[in-house]
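This report walks through a few local features of one protein chain, for a reader meeting the structure for the first time. Please keep the sequence and the model in view while reading.

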Amino acid sequence: EMQFKTFNPVDGDNAIRIVPPLAEDKHAGLWCLDAWVVHLSGRGYLSPALFDKTLRDPALEMYNKLKQTDADLASKFKASKRAIMFVLDCNSADEELKVWSSPAGNVDEILKVSKNRKTGALIAVEDPNEGRIVYFNKSGQQIQTRYTAWTLDSEVFPLTDAVADQLVTFKELLIVPTPEEMDAIVAAALAEA
């Protein structure tokens, strides 16, 4: 569960402005956070180990336990890699910061279009003053979803003070269950299966 509204790309053309998180944590300088998300009982959960590698991950433990005996049931506990980022939906008139739990592969597409073809340098799409709008197309649903036609606007798109005032760190944004809370979530998902 997140404090921000989530960004859900529409079918067809999308335009986003990637916004950097506040730089007070170890993820400073990153515009997206790699995370493993497991979907149980209709909700997405982040691994308790996301910010503390010493913690165990009950969903991963259950996945590994079931993998040998019940592949169908094990698949319910399999996490998918996501790239979590702050974005402005440039197709919307409001300046409300949203969170996008994007498929991890989209980061490579964004990096490809942000590379200056002459110099090879990356354009910092997230830079508060020099960042750009990223355009892409979404088609299909669920596992058939495709993100294509990635392009970068040639004009800079500076962030306003209203947007900057909404910024938080990734750690403040994300609610990560404790291993004990995750044990209960995993047990409930097993009971439903």
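With a relative accessibility of 42%, S41 counts as partly exposed. The model is a predicted one, and in it S41 lies in the loop that runs between β2 (33-40) and β3 (43-46). Although S41 is not a glycine, its phi is positive, at about 50°.

A second residue with this feature is Q142, which is not a glycine and yet has a positive phi of about 50°. Q142 is found in the loop between β6 (133-139) and β7 (146-152), and with a relative accessible area of 75% Q142 is exposed.

## The buried side of helix α3

Helix α3, which spans residues 105-113, has N106, V107 and I110 as its buried residues. They are on the same side of α3, because they cover an arc of only 105° around the axis. In general, an α-helix has 3.6 residues a turn, so residues three or four places apart point the same way.

What do the buried residues of α3 pack against? Their partners are the strands β1 (12-19), β4 (80-89), β5 (98-103), β6 and β7.

Since K5 belongs to the segment before β1 and E96 to the loop between β4 and β5, the pair ties together parts that lie 91 residues apart in sequence. E96 is partly exposed, at 26% relative accessibility.

Another salt bridge brings together the side chains of D11 and K138, at 2.9 Å from N to O. This pair links distant parts of the chain, with D11 in the segment before β1 and K138 in strand β6, 127 residues apart.

## A network around R56

The side chains of D183 and R56 also meet in a salt bridge, with 2.4 Å from N to O. D183 sits in helix α6 (residues 179-192) and R56 in the loop between β3 and α1 (58-67), so that this pair, too, links distant parts of the chain, 127 residues apart. Salt bridges with shared partners join R56, E61 and D183 into one network. D183 is partly exposed, with a relative accessible area of 31%, and R56 is partly exposed as well, with a value of 34%.

Conventions. Residues are numbered from 1 along each chain as its sequence is written. This is a predicted model: local features need pLDDT of at least 70, side-chain atom pairs count only at pLDDT 80 or more; totals for chains, interfaces and linings use all residues. Side-chain values use heavy atoms; hydrogens and water are left out. Helices (H or I, at least four residues) and strands (E, at least two) are DSSP runs, numbered from the N terminus. Buried means under 20% relative accessible area, exposed over 50%, partly exposed in between (1.4 Å probe, protein chains only). The arc is that of the directions from the helix axis to the C-beta atoms. Contact means heavy atoms within 4.5 Å. A salt bridge is a side-chain nitrogen of Lys or Arg within 4 Å of a carboxyl oxygen of Asp or Glu.
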